[in-house]
Amino acid sequence: MKNFNNDTEKIEFLRKYKLLSETSTDVSGFYYFYPESDTPVSCEIIGYEDKFETWAGIIIQIMQPTEQQITIHSDYLLDMKKRGRAYQKTKNTDPDTTYIVLDLETTGLNYKQDEIIEFAAIKYRNQESETFHELVKPTVAIPENITNLTGITNEMVQDVSSIDVVLPKFLEFIGSHKLIGHNIKSFDILFLNNACRTLGFSGIQNELVDTLPLARKKLPGLANYQMGTICKHYNIDTSGAHRALEDCRMCHACYQYLTGK
């Protein structure tokens with residue numbers, strides 16, 4: 001394999017074989033289609049085997065589904081680049097109808113001091129749903145009032161994973177999808193972002209839908225806007241309230257009533 005000595009040499013090489021325009025300097029945005037696949041994977045040009053006047057044998061590195069290097073004709077790579085961009089353009093214009101309802105249980109109300117002890121989320125896509133649910137072992141004992149409220153005891157979290165194990169899995173589950181929750185902007189997201197900062201992850205950038213202000217607007221005159229009160233208004237079953245997964249189901253039912261979706 002012949003490597004490029006610097007970015008300038010790489011750019012000139014790609015321009016020669018029309019893989020870059022004369023004005024472009026962006027050497028990313030290349031795609032590879034596996035045989036009999038219509039879905040592209042991103043690839044990086046790392047060198048070449050041979051080069052001639054009109055074509056070259058280019059070496060690309062692919063990371064998915066496994067890391068590997070492939071040699072490809074420059075004309076084929078150009079065609080795949082065009083097909084990949086067309087695919088991404090079509091994909092980006094399709095509305096993402098997937099959304100996630102989430103809820104957390106914590107050791108208290110102060111996101112700077114208290115800890116997450118339960119994650120739950122339900123991903124809704126078309127008529128299907130997928131669930132994420134895990135308890136978390138905190139670094140402090142769960143206060144008695146929290147156990148009385150949620151039913152989560154110190155014994156229940158004694159042998160489960162800590163936040164550094166659970167949070168990455170949760171972030172992978174929610175991805176970049178729209179997040180829905182009750183008081184999500186003033187509670188759940190504050191805890192999530194604080195945990196992300198502590199463990200070195202980027203903060204939550206997802207679109208947020210909070211059913212609390214939705215209820216205040218849709219249902220003026222309620223005694224309060226706790227989720228239990230809203231559920232009672234809509235005759236939604238509240239069995240298992242204050243456990244994260246059941247709260248997700250309740251919140252989703254409220255969301256459907258409040259939005260008509």
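Predicted model: local features only at pLDDT ≥ 70, side-chain atom pairs only at ≥ 80, totals over all residues.
The buried residues of α8 are A244, L245, D247, C248, M250, C251, H252, A253, C254, Y255 and L258.

A positive phi is also found directly after helix α7, where N235 has a value near 60°. Within α7, which covers residues 227–234, the buried residues are M227, I230, C231 and Y234. These residues lie on the same side of α7, because the arc that they cover around the axis is only 100°. The packing partners of the buried residues of α7 are α6, formed by residues 211–218, and α8.

Both α7 and α8 also take part in the largest pocket, as they belong to the elements that give two or more residues to its lining, together with β5 (99–106), α3 (144–150) and α5 (184–199). The space in this largest pocket amounts to about 610 Å³, and of the 24 residues that line the pocket, those closest to its centre are D103, E105, L149, H242 and D247. The largest share of the lining is contributed by β5, with five residues. When the lining of the largest pocket is divided by residue class, 10 residues are nonpolar, 10 are polar and four are charged.

The second largest pocket has a volume of about 280 Å³. It is lined by 17 residues, of which D114, E115, I116, I163 and A195 are the closest to its centre. Here the element that gives the most to the lining is α5, with five residues, and α5 is also one of the elements that give two or more residues to the lining of the largest pocket. By class, the lining of the second largest pocket consists of eight nonpolar, five polar and four charged residues.

Definitions and conventions. Residues numbered from 1 in each chain as written. Heavy atoms only, no water. Buried < 20%, exposed > 50% of the residue type's maximum accessible area, 1.4 Å probe, protein only. Helix = DSSP H or I, 4+ residues; strand = E, 2+ residues; numbered from the N terminus. Arc of directions from axis to C-beta. Contact = heavy atoms within 4.5 Å. 1 Å grid on protein atoms, 1.4 Å probe; cavity = no way out; pocket = protein on both sides within 12 Å on 5 of 7 lines; lining within 4 Å. Points joined across faces, edges and corners; volume = space filled by probe spheres on them. Nonpolar A, V, L, I, M, F, W, Y, C, P; charged D, E, K, R; others polar.
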